[in-house]
Amino acid sequence: MDIYVTIMEWFENFYQVVLGPEPMGGYPRYMYWVEGTIFTLELTFLALIIGLVIGIVVALCKLSKHKLLRFLATLYTDIIRGTPAMIQIMFIYLVVFASSSLPKLLIGAIAFGINSGAYVAEIIRAGIQGIDKGQMEAARSLGMGHVMTMRLIIIPQAVTKILPTLVSEFIVLLKETAVIGFIAGFDITRVANTIISQTYSATEPLLMAAFIYLCLTTIFTTIMRQVERRLRASDCR
């Protein structure tokens with residue numbers, strides 16, 4: 001009975017700290033979580049799109065016959081992969097866009113997109129190089145140009161192969177957005193910090209933030225597994 005009472009008291013305290021209204025009937029804290037989750041999702045999807053575009057371009061540059069393009073693409077991936085994401089984000093926010101009035105969401109998406117693009121480029125490059133060279137030669141012998149061969153034959157097969165790795169990169173990107181608070185972005189982690197500063201209680205807000213991240217990653221992983229199964233099924237037909 002004592003255990004039951006203790007558990008109920010903990011849940012009541014959890015509700016008051018994490019979801020209840022601010023003191024003096026202020027803003028309900030559950031709305032913080034809603035706004036923080038929406039910000040995190042918007043930031044992740046925008047960064048994902050930017051990262052994919054950059055990744056495809058850089059991957060093609062790394063596979064190019066032109067030495068300058070290969071050098072620039074390699075330099076970009078080495079610099080981005082060799083420096084912390086937090087430093088890159090702060091540099092882009094405090095230096096590159098120091099005098100800009102762009103919203104923090106867009107600046108954060110550009111910063112995370114540039115970071116993610118380096119990793120996506122390596123994934124795509126490895127996927128394209130994993131395709132049998134004989135397919136490229138067969139397509140060229142049929143009169144297809146390099147661009148057409150890549151677009152119709154090589155890239156569709158590469159996408160199927162790299163999809164699981166791309167999903168993993170997406171999950172990593174979602175979790176890495178937790179550092180957007182360094183440029184005052186109001187994401188899930190920033191919400192937890194805000195509530196901690198209001199209540200001087202860290203356990204409940206951090207548990208709530210971890211729970212939301214876990215739910216989001218589980219949902220996206222499940223969806224992408226279904227997509228992956230359908231792609232494999234279509235390949236077998």
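Trainee: What makes Phe220 count as buried?

Mentor: Phe220 has 15% relative accessibility, and buried means under 20% relative accessible area, exposed over 50%, partly exposed in between (1.4 Å probe, protein chains only). So Phe220 counts as buried. Bear in mind that this is a predicted model, where local features need pLDDT of at least 70, side-chain atom pairs count only at pLDDT 80 or more, and totals for chains, interfaces and linings use all residues. Residues are numbered from 1 along each chain as its sequence is written, and side-chain values use heavy atoms, with hydrogens and water left out.

Trainee: Why is Phe186 called partly exposed?

Mentor: Phe186 has a relative accessible area of 27%, so partly exposed it is.

Trainee: And why is the pair of Tyr32 and Phe186 called edge-to-face?

Mentor: Rings of Phe, Tyr and Trp (its six-membered ring) pair if their centres lie within 6.5 Å; planes under 30 degrees apart count as stacked, over 60 as edge-to-face and the rest as tilted. Tyr32 and Phe186 are 6.0 Å centre to centre, with 85 degrees between the planes, which is edge-to-face.

Trainee: What makes the pair of Phe170 and Phe220 edge-to-face?

Mentor: The ring centres of Phe170 and Phe220 are 5.2 Å apart and their planes stand at 80 degrees, so that pair is edge-to-face.

Trainee: How do you know that Phe170 is buried?

Mentor: Phe170 has a relative accessible area of 8%, so buried is the word.
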